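Thanks for coming. I will walk through one structure, and you can follow along on the screen.

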Amino acid sequence: MSAQAAPFAVLTDIAQRSRAMASGLPEQQEAVELWNGIGFILAGERYVAPMGDITEILHVPRFTHIPGVRPFMMGAANVRGRLLPLVDLAGFFDIPRSSRSLRDRRVLVIEQGDIFSGLVVDSVLGMQYFATDSFRANPEGVPDSVQPFVEGGYERNEEVWKVFSAADLVDDERFLDVAQW
């Protein structure tokens with residue numbers, strides 16, 4: 001055996017012995033399929049928006065009020081050179097917002113086709129994961145005004161997170177018609 005082959009032979013021997021003595025990993029019986037989205041609070045209730053619906057999360061930026069618009073339209077902000085309309089989501093749905101100050105609220109930025117808008121919510125809870133088998137088609141406790149934009153819910157720890165569809169929201173004429181006339 002050559003001097004160069006000796007180290008290789010030693011490593012090969014160690015690898016073979018390691019495989020022979022290694023105990024196998026426990027066999028995973030069933031992989032749990034997960035669904036994920038961005039969790040947020042609106043009027044004290046937990047909602048989750050599909051990952052593809054939300055492009056960014058912001059603190060409420062400085063904005064300019066716009067005259068002649070419906071009360072839910074807070075104004076417009078310049079975000080990195082783009083004009084971002086800010087919509088108070090609780091105001092749009094005519095549900096009570098939390099007592100949190102504007103500083104505590106967050107903006108969920110949506111971009112669906114030509115629509116670029118910021119939905120102001122009470123707070124954002126970050127990325128949330130749910131087992132797909134915990135889906136409920138008709139979650140309870142959804143206000144009537146929000147119901148058309150909820151596509152079921154996921155249950156975790158005896159609490160249901162309602163799935164909010166921003167895509168359905170931007171298809172709604174009331175969302176697109178902000179003029180107060």
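I start with serine 165, which touches Asp53, Phe149 and Glu151, leaving out residues up to four places away in sequence; contact here means heavy atoms within 4.5 Å. Before going further: this is a predicted model, where local features need pLDDT of at least 70 and side-chain atom pairs count only at pLDDT 80 or more, while totals for chains, interfaces and linings use all residues. Residues are numbered from 1 along each chain as its sequence is written, and side-chain values use heavy atoms, with hydrogens and water left out.

Where does serine 165 sit? Its place is the loop between strand S11 (159–164) and helix H3 (166–170). Helices (H or I, at least four residues) and strands (E, at least two) are DSSP runs, numbered from the N terminus. Serine 165 counts as buried because its relative accessible area is 4%; buried means under 20%, exposed over 50%, and partly exposed in between, with a 1.4 Å probe and protein chains only.

Now arginine 82, in strand S5 (residues 82–88). Arginine 82 is partly exposed, because its relative accessibility is 39%. Leaving aside neighbours within four places in sequence, arginine 82 is in contact with Ala77, Glu111 and Phe116. From arginine 82 to glutamate 30 is 52 residues in sequence and 46 Å in space, C-alpha to C-alpha.

Next, the sheet. Six strands make an open sheet with mixed pairing, in the order S8-S1-S2-S11-S10-S9; two strands pair if DSSP finds at least two bridges between them. At the edges are strand S8 (123–131) and strand S9 (135–136), each pairing on one side only. Strand S1 (residues 34–42) runs antiparallel to S8, and eight bridges join them. Within S8, methionine 127 stands opposite isoleucine 38.

Last, the cores. A nonpolar core is a set of buried Ala, Val, Leu, Ile, Met, Phe, Trp, Tyr and Cys residues joined through side-chain atoms within 4.5 Å. The largest has 28 residues, and Phe93, Leu119, Phe164 and Leu169 have the most contacts inside it. Elements supplying at least two residues each include S1, strand S2 (45–50), strand S6 (106–112) and strand S7 (115–121). Helix H2 gives the most to this core, with four residues. Phenylalanine 93 touches Leu42, Ser145, Val146, Phe149, Phe164 and Leu169, again not counting residues up to four places away in sequence. A second, separate core has eleven residues, among them Leu58, Leu86, Val107 and Val109.
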